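Here is a short tour of a model, meant to be read with the coordinates open beside you. Let's start with a pair of helices and then move on to the sheet.

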Amino acid sequence: MIEIKETTERVILFAVSERDGDDTAQSLDELEELVETAGGITLAKVIQNLEHQNPGTYIGKGKIEELKQLIWELDATGVVCDDELSPAQLRNLESMLETKVMDRTMVILDIFAAHAMTSEGKIQVELAQLRYRAARLVGLRNSLSRLGGGIGTRGPGEKKLEMDRRLIHQRIGQLKQELEAVKRHREVARQQRNKNHTTVAAIVGYTNAGKSTLLNKLTNAGILAENKLFATLDPTTRMMKLDSGEEILFTDTVGFIRKLPHHLVDAFRSTLEEAKYCDILIHVVDSSNPMMDTQMHVVYDTLQKLGVEDKISITLFNKKDCVQNEVVLRDFKADYIVHISAKTGEGLDDFKRLLEQILREQKIYIQKTYTYAEAYKIQLIRKYGQLLEENYTENGIEVTAFVPPEIFRQIETKENMNKFFDKT
């Protein structure tokens, strides 16, 4: 029996630091975690101080020679650049280093490809990969031209580069159509939630901040939660019932990361836009990470690019159990802040009470007596609002409750009620 084993990549990481005091070293540390998640091993890290990246080779010739020597000494199978390389840089480095050259985007796309489980996730990942490869196709000169064999087909024919581009763009077109169908399905589901007046909370945050652990703790979702970057990729939606009886729909989104490839942002736009249409934005932050402020900036910058604004936002400073030194945790962009540990459950009761408070503040308080002929209104109040008290008297039903503004308008007049029931 022939046993086939997957080769473990042994790589050297390299980057360019363009100014003193930047976060290039921390970014390489994060790249090391990405490589580990992808199944590789980091042997060394190389940083070159340059005013600007070399447009042809990214790093200088002297550093290339140093990198080449290091590859031979450490028996590395490849190198990984912390930035996205241009096609020319990629080709030149492979020629000069005589080894496999990858960049940060390649590693992230590889992780996404391995972790995508749903059909939607696989479509999005393939689309991102094809867009990335389409910009990096390298022609193999006339040696790979297809020669014709009849009148009108003589000559160089269609080069392999052109054929590959044509096939890739055809596949991209197919995937776009499939994603449009997914987008329409999401819009229908969103309209149904609006029709049912369901409150939607989108969980966003830097990768490995603890979003999946939080969702599991709140809703028993049972999704994978590991201490790895992008351990879970496919978005998950689950319902949680508060002590008041009200329900909230939680939607987990893909984790953000610095230098997130624009191919991924475009491909996952339909998924990420769940944050755009939510009622409450829940930002999970790893408070034990020394680069916490940078990670928060990355999240807010990505949300801004997606057009997510004017949302009620709650920042959850997670991993409270892992914080060793007392640090001041602030987020001036958040409406509310709660310190929690999604792993131990500490602080989650405070978080749930805050959610109930927010939902109550969005509702209208009513204290009214309805006639028995209007008893059908009580059903709507019970379904979409929070019924605090209900007493049956000779004059009718005395009700004390909080109801959404839309329902309050519907129960004001019988004419409006008839219109409401016609719609539902």
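The axes of H2 and helix H3 (residues 87-97) come within 10 Å and cross at roughly 55 degrees. H2 is therefore oblique to H3 (under 35 degrees counts as roughly parallel, over 145 as roughly antiparallel, 65 to 115 as roughly perpendicular, and the rest as oblique). Axes are lines fitted to C-alpha atoms, for helices over the stretch in contact, with angles from 0 to 180 degrees between N-to-C directions. Helices (H or I, at least four residues) and strands (E, at least two) are DSSP runs, numbered from the N terminus.

In contact terms (heavy atoms within 4.5 Å), Ile64, Leu67, Lys68 and Ile71 of H2 meet Leu93, Met96 and Leu97 of H3.

This is a predicted model, in which local features need pLDDT of at least 70, side-chain atom pairs count only at pLDDT 80 or more, and totals for chains, interfaces and linings use all residues. Residues are numbered from 1 along each chain as its sequence is written, and side-chain values use heavy atoms, leaving out hydrogens and water.

Now to the sheet: four strands form an open sheet in the order S2-S1-S3-S4, with parallel pairing (a pair needs at least two DSSP bridges). S2 and S4 stand at the edges, each with a single partner strand, so one side of each is left without a neighbour in the sheet.

The confidence, pLDDT (from 0 to 100 for each residue), averages 82 over the chain, and 86% of residues reach 70 or more.

| Stretch | pLDDT | Contacts beyond near neighbours in sequence |
|---|---|---|
| Residues 139-158 | below 50 | 20 contacts |
| Residues 419-424 | below 50 | nine contacts |

Note on methods
pLDDT = per-residue confidence, 0-100.
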